[in-house]
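Hi there,

Here is the structure I promised to pass on. Have a look at it first, and my notes follow below.

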Amino acid sequence: MSHFVEALQQEAAEAIAQMREAALRARHAHARAELMRHMLTTARKVKDRPKAEAVETVVSEWMDAWNLGRADWPHIAREMEAFTEAFHDYANDPSDEHDERLREACAALDAVLEQEGSSISDQMAFRSQCAHGWWELVKPVPADLPGRKPRPSVPAVEAGQPFWDAGCADFCR
């Protein structure tokens, strides 16, 4: 039988592990959901424009928001164009067919981002001007992120580590 202090330490370690997993899942899901909400809102704003013009407007806006130059990241830009076209079609006709195309384009964009060691949720959390501050508390922006730019809307995490890794020495002085 473990002693009281050991049992409490084990219970705490298990709870923290569950919290980490839940926080990372929540960050991933919320960042993806925020991009989809922003994309649909933006697509609806330009849905009455000619498709090529509308797609160009949205792609330019998001590539800029993610601090990714189209010339530097042409493979991501191509998938972002297909993704944006799918949103344009869905904004004009929210049918099951367009929803399926949107899902496929989302998966393709995530696949090309994964080749770069990223994901839609990381792009939103690490690069977007629309990031929510709590995302960075769960998974801080890597200091060596290529093209990293300051985002005044997101408070910096001083230690560069998730909040659960800040030990007692950081707070118990």
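As background, nonpolar side chains tend to be buried together in soluble globular proteins.

Beyond its neighbours within four places in sequence, Trp62 is in contact with Leu35, His38, Met39, Thr42, Met80, Met124, Ser128 and Cys130.

I also looked at α4, which runs over residues 96–115 and reaches 29 Å from first C-alpha to last, close to the expected 28 Å. Its buried residues are His98, Leu102, Ala105, Cys106, Leu109, Asp110, Val112 and Leu113. They lie on the same side of α4 because they cover an arc of only 160° around the axis. These buried residues pack against α1 (4–45), α3 (74–92) and α5 (120–126), while the face turned away from them carries the exposed Asp96, Glu97, Arg103, Glu114 and Gln115. Just after α4, Gly117 has a positive phi of about 75°.

A word on confidence before you use the coordinates: mean pLDDT for the protein chain is 86, with 87% of residues at 70 or more. Over residues 168–173, however, pLDDT stays under 50, and the model has two contacts beyond four places in sequence for them. Where pLDDT is low, the predicted coordinates should not be read in detail.

Best wishes

Notes
Residues numbered from 1 in each chain as written. Predicted model: local features only at pLDDT ≥ 70, side-chain atom pairs only at ≥ 80, totals over all residues. Heavy atoms only, no water. Helix = DSSP H or I, 4+ residues; strand = E, 2+ residues; numbered from the N terminus. Expected span 1.5 Å × (residues − 1). Buried < 20%, exposed > 50% of the residue type's maximum accessible area, 1.4 Å probe, protein only. Arc of directions from axis to C-beta. Contact = heavy atoms within 4.5 Å. pLDDT = per-residue confidence, 0-100.
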